[in-house]
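Me: I'm new to reading protein models. Could you take me through this one, a question at a time?

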Amino acid sequence: MQTSKSSNLGSEAISKLLIKQAVPASIGILVMSLNILVDTIFVGQWIGSTAIAAINVVLPVSFFIAALGMSIGIGGSSIISRALGADNKEKALKTFGNQVSLTLLFTVSFAAFGLYFVDQLIPAFGGKGAIFDPAKVYYEIILYGVPVLGFVMMGNSVIRAEGKPKFAMYAMLIPSVGNLVLDYIFIGILDMGMSGAAWATTGSYIVSFLFIFWYFLSDNSELKIDVSHFKLHKKIVTEIGSLGFVTLSRQAVVSVTFLLVNNALFDFGGETSVTAYAIVGRMSMFALFPVFGITQGFIPIAGYNFGSEQYDRVKQVIYVAIKYATILATIVFAILMLFPEAITKLFTTDIQVLKVTPNNMRWTFAAIPILAIQLIGAAYFQAVGKALPALFLTLTRQAIFFIPLMYILPMYFGEFGIWMSFPISDILSTIVTAFFLRREVKLKLN
């Protein structure tokens with residue numbers, strides 16, 4: 001009988017295994033981030049700088065609903081990794097079936113809610129003045145595709161939990177490449193403006209969904225579910241919910257942060273400041289792609305080995321993941337500190353935006369070399385099924401530190417106080433996470 005690919009998570013050398021898991025994840029995130037960057041460049045150059053702000057306003061809503069799929073995927077994948085590590089195949093199958101049912105239920109419900117309250121949500125998220133009309137065009141089309149995106153995010157996490165990082169990478173590459181091609185057709189050739197940008201994004205995720213659907217029907221997947229697995233089981237749903245709530249909370253806080261920062265910056269500097277934040281936000285995804293890739297590669301390895309009680313391997317993957325991620329984050333940090341003006345010029349020719357964005361970019365990313373500890377530390381607790389510490393550490397960066405700081409510091413420093421809040425919250429959350437992770441390794445993994 002052929003050895004299951006997932007069993008490699010418990011036997012291969014940690015460094016080799018982490019590279020094997022993290023490189024495809026990093027490539028997928030990189031291409032997805034580049035796709036978002038180029039998409040923003042297309043919109044900024046072909047439609048205008050206000051269109052960039054409009055897309056940034058819509059992101060919190062679509063991001064949160066899509067995050068439902070991601071949270072169900074990551075929460076369930078933690079269970080699947082540990083179940084496969086403990087050789088409990090039936091639990092893995094039931095978990096996957098329940099993930100499918102939950103994703104359908106929640107994404108469709110929230111997308112319908114978002115479409116019904118469109119005129120109230122867009123202004124609440126900073127879509128005011130000249131930003132409102134293009135934001136509404138983009139928003140309505142994007143929300144039609146959000147349930148599909150939810151399935152893509154959920155399925156991608158499950159593929160990675162099976163130990164198939166290359167297929168997970170393909171699932172991320174397909175919408176990225178597809179979106180760029182469709183952007184060129186719909187915006188550049190057909191001149192469809194904001195609706196073209198929205199249909200390009202929605203269409204690309206439909207193609208990715210079809211690929212993931214094929215993967216689970218093919219011989220590449222170990223998880224062959226039947227109709228009985230779609231029935232919701234209270235214990236499994238509760239475990240998916242408790243672990244997935246960590247991811248959902250993180251994404252919800254990201255959405256709330258966008259809302260609060262967009263509104264605060266609009267009050268200080270109008271459309272120019274909101275556009276600057278949109279550009280910095282795009283770069284944030286790109287800047288942290290190596291750390292996110294290593295974190296995604298780390299999770300199934302930690303979960304599988306924790307499930308099989310190989311605690312020495314769990315400790316080893318924690319240390320190796322932090323080391324690799326820190327080195328890569330430092331390289332990206334140097335690039336962002338040296339070339340923020342050139343990066344900003346890729347997005348816009350607006351003189352005012354070019355004037356304010358570079359310095360704000362430097363402040364936003366001032367602390368990213370140490371963020372590996374915070375992100376991987378929080379991911380560890382989620383990977384091993386410890387929902388409460390995972391939730392607490394996930395919320396420290398933005399909910400506990402950033403949001404209060406962005407209200408307090410502007411009282412003394414004006415708009416600059418908002419930008420200062422980013423590195424200060426990164427430093428504080430990293431210190432807290434390092435304390436909890438060190439205690440966990442000392443007390444639980446020895």
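Reply: Happy to, and let's begin at the surface. Val227 has a relative accessible area of 68%, so Val227 is exposed (buried means under 20% relative accessible area, exposed over 50%, partly exposed in between, with a 1.4 Å probe and protein chains only). Val227 sits in the loop between α7 (193-217) and α8; helices here are DSSP runs of H or I with at least four residues, strands are runs of E with at least two, and both are numbered from the N terminus.

Me: Before we go on, what kind of model is this, and how are residues numbered?
Reply: This is a predicted model, in which local features need pLDDT of at least 70 and side-chain atom pairs count only at pLDDT 80 or more, while totals for chains, interfaces and linings use all residues. Side-chain values use heavy atoms, leaving out hydrogens and water, and residues are numbered along each chain as its sequence is written, starting from 1.

Me: How far apart in space are Val227 and Asp312?
Reply: In sequence, 85 residues separate Val227 from Asp312. From C-alpha to C-alpha, the distance in space is 39 Å.

Me: Is Gln382 buried or exposed?
Reply: Gln382 belongs to helix α13 (residues 371-383). Leaving aside neighbours within four places in sequence, its contacts (heavy atoms within 4.5 Å) include Ile74, Leu243, Arg250 and Ala390. The relative accessibility of Gln382 is 4%, so the residue counts as buried.

Me: How are helices α8 and α16 oriented to each other?
Reply: Two packed helices are described by the angle between their axes and the distance between the axes. Helix α8 (residues 234-287) and helix α16 (residues 415-444) pack at about 45 degrees, with axes 11 Å apart; axes are lines fitted to C-alpha atoms, for helices over the stretch in contact, and angles run from 0 to 180 degrees between N-to-C directions. Under 35 degrees counts as roughly parallel, over 145 as roughly antiparallel, 65 to 115 as roughly perpendicular and the rest as oblique. Therefore α8 and α16 are oblique.

Me: Which residues of α16 make the contact with α8?
Reply: On the α8 side, the contact involves residues including Val261, Phe268, Tyr277 and Val280. On the α16 side, the residues are Glu415, Ile418, Trp419 and Phe422.

Me: How many salt bridges are there?
Reply: Side chains of opposite charge can pair when their charged atoms come close. The rule asks for a side-chain nitrogen of Lys or Arg within 4 Å of a carboxyl oxygen of Asp or Glu. By this rule, the count of salt bridges is 8.

Me: How many residues apart in sequence are the parts tied together by Lys91 and Glu239?
Reply: Lys91 and Glu239 form a salt bridge whose closest N and O atoms are 3.6 Å apart. Lys91 lies in helix α3 (residues 89-116) and Glu239 in helix α8, so the pair ties together parts whose separation in sequence is 148 residues.

Me: Which residue joins Lys91 and Glu239 in a network of salt bridges?
Reply: The network links Lys91 and Glu239 with one more residue.

Me: Are Arg397 and Asp426 buried or exposed?
Reply: Their side chains meet in a salt bridge of 2.8 Å, N to O. Arg397 is in helix α14 (residues 387-408) and Asp426 in helix α16, 29 residues apart. Both Arg397 and Asp426 are buried.
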